[in-house]
Amino acid sequence: MTATSLNWQLGVIAILAVILLRRFFRRKYGLDNLPGPVSPSWLTGNFLQLFNPYAWKFHESIAKTYGSAVRIHGPFGANGLYIFDSKAMHTVLVKNQDIFEENDGFLLTNLLLFGDGLLSTLGHRHRKQRKMLTPVFSSAHMRDMIPTFFEVTHKLENGLKSRLQSGGPQIQEVRRHSFLDGPHCFGADGASRPRILVRSSDNEESAHPYSRTIKELVTLTFAAMDTTSSAMARLLHLLSRHPEVQEKLRQEIIEAKRQKDGQDFSYDELVALPYLDAVCRETLRLYSPAPIVDRIARQDAVVPLLKPITGLDVVMVSIFNANKNPDLWGKDADEWKPERWLSPLPEALLEARIPGVYSHLMTFIGGGRSCIGFKFSQLEMKVVISVLVENFKFSPSARDSEILWQMNGVTAPIVGKDNHPQLPIGISLVD
Ligand code: HEM
């Protein structure tokens with residue numbers, strides 16, 4: 001079991017416990033006027049329909065049938081709200097972030113696994129930790145780190161080349177390693193993992209001079225690995241299925257490298273490549289690695305929909321539906337079209353003021369618990385994809401039609417009935 005699935009399961013158990021304790025003291029208002037699916041069972045409400053690896057269709061259907069604010073039944077008759085309405089998302093994630101917080105199961109699991117790092121604290125302590133960590137993810141620091149990113153990626157490139165040149169298999173299984181699998185991730189070995197320096201200003205820690213730093217590093221590694229490797233695996237899968245996009249991207253990279261006499265890109269050169277940027281954005285839009293985040297209402301608060309709502313126990317923010325809302329993105333919102341990022345974005349989208357930190361998307365959510373590593377993950381994706389696409393061609397494997405992306409806490413590909421994450425893709429050298 002991966003840490004993310006453990007997180008999800010403990011999260012659901014904790015939601016149940018908190019709901020049971022509190023629901024008797026809540027007054028609900030306006031919820032009954034909100035449309036939503038019927039509850040198939042008082043015991044589980046709609047939770048088993050919402051949280052399972054094949055829940056994509058259910059999420060799509062509730063958005064199509066009921067819109068961007070949906071009444072959901074939680075377990076034991078609890079009051080749930082499912083949203084991708086931009087004002088409601090702003091209230092939950094930004095304005096009233098202290099009220100709508102991570103559930104206790106999520107916090108407790110992270111505390112047990114990683115110590116009291118960023119993923120397991122609340123309120124003042126959490127804000128203090130974020131302040132300490134923010135400089136690590138500044139553009140200036142990203143600029144410094146890019147040679148390390150390239151160094152690691154060239155090791156992967158050389159490893160793949162020598163396997164292909166020695167007549168190794170042309171189908172590589174891109175394994176989406178999980179954090180709990182150990183230090184090997186996407187061809188990178190432990191010794192060459194990116195070095196991150198965190199300056200601790202915390203004098204509460206006395207056991208070991210670096211104990212705070214270590215907790216934060218473990219937390220960051222966990223939050224960074226499954227998410228970014230899921231995004232990169234998805235992007236390679238899409239490129240294998242869209243040879244025209246792959247070729248256009250390759251041409252952009254080859255031409256830019258030619259102008260540099262084959263040297264690695266600097267940070268500014270890499271982020272300025274328009275098609276690479278469009279391909280990454282479109283993948284993170286339509287295939288967000290984390291499809292949903294949930295929050296527990298720690299006290300009563302009003303969510304300002306057409307008719308304001310109070311008395312909530314649990315809120316689910318649908319990243320999946322927010323990023324492909326046809327009212328904002330247009331009729332082709334369901335299609336993977338990198339070109340959409342090369343033209344002006346729809347007016348309706350700009351006016352909606354999506355409360356996400358990145359590019360009108362909810363992929364990295366927004367507010368005080370938004371993804372602190374979103375720039376880091378962009379850079380990592382761009383370095384790896386630019387090196388791979390320049391040197392290798394990707395094509396669908398014979399088992400392509402059996403690939404299924406599961407809707408876990410972090411999405412993962414499986415093949416057929418084998419639940420082990422794997423992604424077979426054909427790979428050959430660019431001539
Ligand atoms: C494509 C890659 C990534 C995606 C889609 C992603 C997405 C997210 C999302 C949705 C959250 C909010 C979780 C919640 O509220 O329950 C989050 C939080 C977080 N992410 Fe990421 N993430 C990615 C990569 C990274 C990377 C590379 C790092 C670090 C190097 C990172 C570090 C974190 C941390 C520490 C948090 C917790 C922030 C807090 O509670 O203040 N993530 N991420």
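## Overall picture

Of the contacts in the chain with a separation of 6 or more, 77% join residues 24 or more positions apart; two residues are in contact here if their C-beta atoms, placed from the backbone, lie within 7 Å. This is a predicted model, where local features need pLDDT of at least 70 and side-chain atom pairs count only at pLDDT 80 or more, while totals for chains, interfaces and linings use all residues. Residues are numbered from 1 along each chain as its sequence is written.

The secondary structure comes to 15 helices and 10 strands. These are DSSP runs numbered from the N terminus, with helices being H or I of at least four residues and strands being E of at least two. Buried residues make up 41% of the 431 residues in the chain. A residue is buried if 20 or more other C-beta atoms lie within 10 Å of its own, exposed if 12 or fewer, and partly exposed in between, with C-beta atoms placed from the backbone.

The largest nonpolar core has 87 residues. Such a core is a set of buried Ala, Val, Leu, Ile, Met, Phe, Trp, Tyr and Cys residues joined through C-beta atoms within 7 Å. L81, I83, M89, V92, V315 and V317 have the most contacts inside this core, and helix α8 (residues 211–241) gives the most to it, with 11 residues.

Take M89 from that group: leaving out residues up to four places away in sequence, M89 touches I83, F84, V317, A322, P355 and M362.

## Around the ligand

Now for the ligand, which 23 residues surround. The closest are A223, A224, T227, C371 and G373. To be near a molecule or strand, a residue needs its C-beta atom, placed from the backbone, within 6 Å of it.

Helix α8 turns up again here, giving the most to the shell around the ligand with 7 residues. Both α8 and α15 (374–391) supply at least two residues of that shell. Sorted by class, the shell has 14 nonpolar, 6 polar and 3 charged residues. For those classes, Ala, Val, Leu, Ile, Met, Phe, Trp, Tyr, Cys and Pro count as nonpolar, Asp, Glu, Lys and Arg as charged, and the others, Gly among them, as polar.

## Helices α9 and α11

The axes of α9 (residues 243–258) and α11 (residues 274–286) come within 8 Å and cross at roughly 140 degrees. That angle makes α9 oblique to α11. Axes are lines fitted to C-alpha atoms, for helices over the stretch in contact, and angles run from 0 to 180 degrees between N-to-C directions. Angles under 35 degrees count as roughly parallel, over 145 as roughly antiparallel, 65 to 115 as roughly perpendicular and the rest as oblique. On the α9 side, V245, K248, L249, E252 and I253 meet Y275, L276 and V279 of α11. By class, this contact has 6 nonpolar, no polar and 2 charged residues.

T283 also sits in α11, and T283 counts as buried because it has 24 C-beta neighbours inside 10 Å. Not counting residues up to four places away in sequence, T283 touches A231, R234, L235 and L238. T283 and K337 are 54 residues apart in sequence, yet 8.9 Å apart in space, C-alpha to C-alpha.

E60 lies in helix α3 (residues 56–66). With 14 C-beta neighbours inside 10 Å, E60 counts as partly exposed.

In helix α5 (residues 104–114), the buried residues are G105, F106, L107, T109, N110 and F114. Just after α5, G115 takes a positive phi of about 85 degrees.

## Loops worth a look

F76 is in the loop between β1 (69–73) and β2 (79–83), and is partly exposed, with 14 other C-beta atoms within 10 Å. I365 belongs to the loop between α14 (347–352) and α15, and is buried, with 24 other C-beta atoms within 10 Å.

L423 is in the loop between β9 (412–415) and β10 (424–429). L423 counts as buried, with 24 C-beta neighbours inside 10 Å. L423 and W405 are 18 residues apart in sequence and 9.5 Å apart in space, C-alpha to C-alpha.
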